[in-house]
Amino acid sequence: ELLMRLARETRADKEYPFASYKSEEAEAEPSIIYPRIATKIERDYNRLFFEGSIEKSREHTQVDYENSGESPFRRHLAHIFSEISKAALPEDLEEELSDLGVIAKHSVNGVITTNYDGFLETIFPGYDVYIGQEDLIFSQSTGVAEIYKIHGSYTCPRSLVFTEADYTDFEKRKAYLTAKL
C-alpha cells in the first residue's frame, strides 16, 4: 500500500503508477522487487521535489536541502509514519492492547520491530528506544525495557531501511546485529 501511494505521487501522469514501476522490474527476483521499486520512487520523488513539481509541504520547510544532504523523500516518508503514529487506535483493539501493556510491565524485556511508526512506544511507554543498527550496536543497552527498531524510525529519516541500497547495507551488518540482540 505504501509503495502504491508513493508511486501515485511520483507518477501521477500514469494510469497505473505502481504497475509501471513493477513492470520495469519484471526480471527481478521477488525478494528484491519492492526495494528496487522503492529506490526508483525515491529517485523520482527527489527529482520532482528539486524541480519544484512536488509542493514543499510543512515537513520540508525546516530542512536546508542545499547543505544538509538529506533526502526530501525520506523526510516525506517519515512524515507519513508520523501521521500514522498520531492516529487513534481501533476501538476493538483497545482492551487487548491495554492487556498487553499490563503484561509488558511484568514479563516483556524487549521488543524487536521492523516498523517505522511509533505504535510500540504507545504500548510500552518508558521503554528505551534504539533506532537502527548503529544505535543498537554502539549504545550500552541493558536488555531490559527496550524497543529495537532495526529498520529505523520516522523520528530519524536517515535511519529508514527502505531502498535496495538500505537493505544491502542492512544485510552486510546483520550478523553483528544478530549477535548483539
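Glutamate 121 has a relative accessibility of 23%, so it counts as partly exposed. The model described here is a predicted one. Lysine 149 has a relative accessibility of 1% and therefore counts as buried; the cut-off for buried is under 20%. Glutamate 121 and lysine 149 form a salt bridge, in which the closest N and O atoms are 3.0 Å apart. Glutamate 121 belongs to helix α7 (residues 119-123) and lysine 149 to strand β3 (residues 146-149), so this pair links distant parts of the chain, 28 residues apart.

There are 17 salt bridges in the structure. One of them joins the side chains of arginine 11 and aspartate 44, at 3.6 Å from N to O. Arginine 11 sits in the loop between α1 and α2, while aspartate 44 sits in helix α3, so the bridge ties together parts that are 33 residues apart in sequence. Arginine 11 is buried, because its relative accessible area is 10%. Aspartate 44 is buried as well, with a relative accessible area of 5%.

Another salt bridge connects the side chains of arginine 74 and aspartate 166, at 2.5 Å from N to O. Here helix α5 supplies arginine 74 and helix α9 supplies aspartate 166; the pair links distant parts of the chain, 92 residues apart. Both of these residues are buried.

Helix α9 (residues 164-172) also meets α3. Their axes come within 7 Å and cross at roughly 125°, which means that α3 is oblique to α9. On the α3 side the contact involves Ile32, Pro35, Arg36 and Thr39, and on the α9 side Glu164, Ala165 and Tyr167. By type, the residues of this contact are four nonpolar, one polar and two charged.

The nonpolar residues come next. What is the size of the largest nonpolar core? This core has 22 residues, and Leu3, Leu6, Ile37, Ile41, Phe73, Leu77 and Phe162 have the most contacts inside it. Two or more residues come from each of α1 (2-10), α2 (17-24), α3 (30-51) and α5 (72-86). Helix α3 gives the largest share, seven residues.

Phenylalanine 162 shows how parts of the chain come together. Beyond its neighbours within four places in sequence, phenylalanine 162 is in contact with Leu2, Leu3, Leu6, Pro35, Ala38, Phe73, Leu77, Tyr116 and Tyr167. Another core, of eight residues, lies apart from the largest one; Leu97, Ala104, Val111 and Leu120 are among its members.

Notes. Residues numbered from 1 in each chain as written. Predicted model: local features only at pLDDT ≥ 70, side-chain atom pairs only at ≥ 80, totals over all residues. Heavy atoms only, no water. Core = buried A, V, L, I, M, F, W, Y, C linked by side-chain atoms within 4.5 Å. Buried < 20%, exposed > 50% of the residue type's maximum accessible area, 1.4 Å probe, protein only. Helix = DSSP H or I, 4+ residues; strand = E, 2+ residues; numbered from the N terminus. Contact = heavy atoms within 4.5 Å. Axes fitted to C-alpha atoms, helices over the stretch in contact; angles between N-to-C directions. Parallel < 35°, antiparallel > 145°, perpendicular 65-115°, else oblique. Nonpolar A, V, L, I, M, F, W, Y, C, P; charged D, E, K, R; others polar. Salt bridge = Lys/Arg side-chain N within 4 Å of Asp/Glu carboxyl O.
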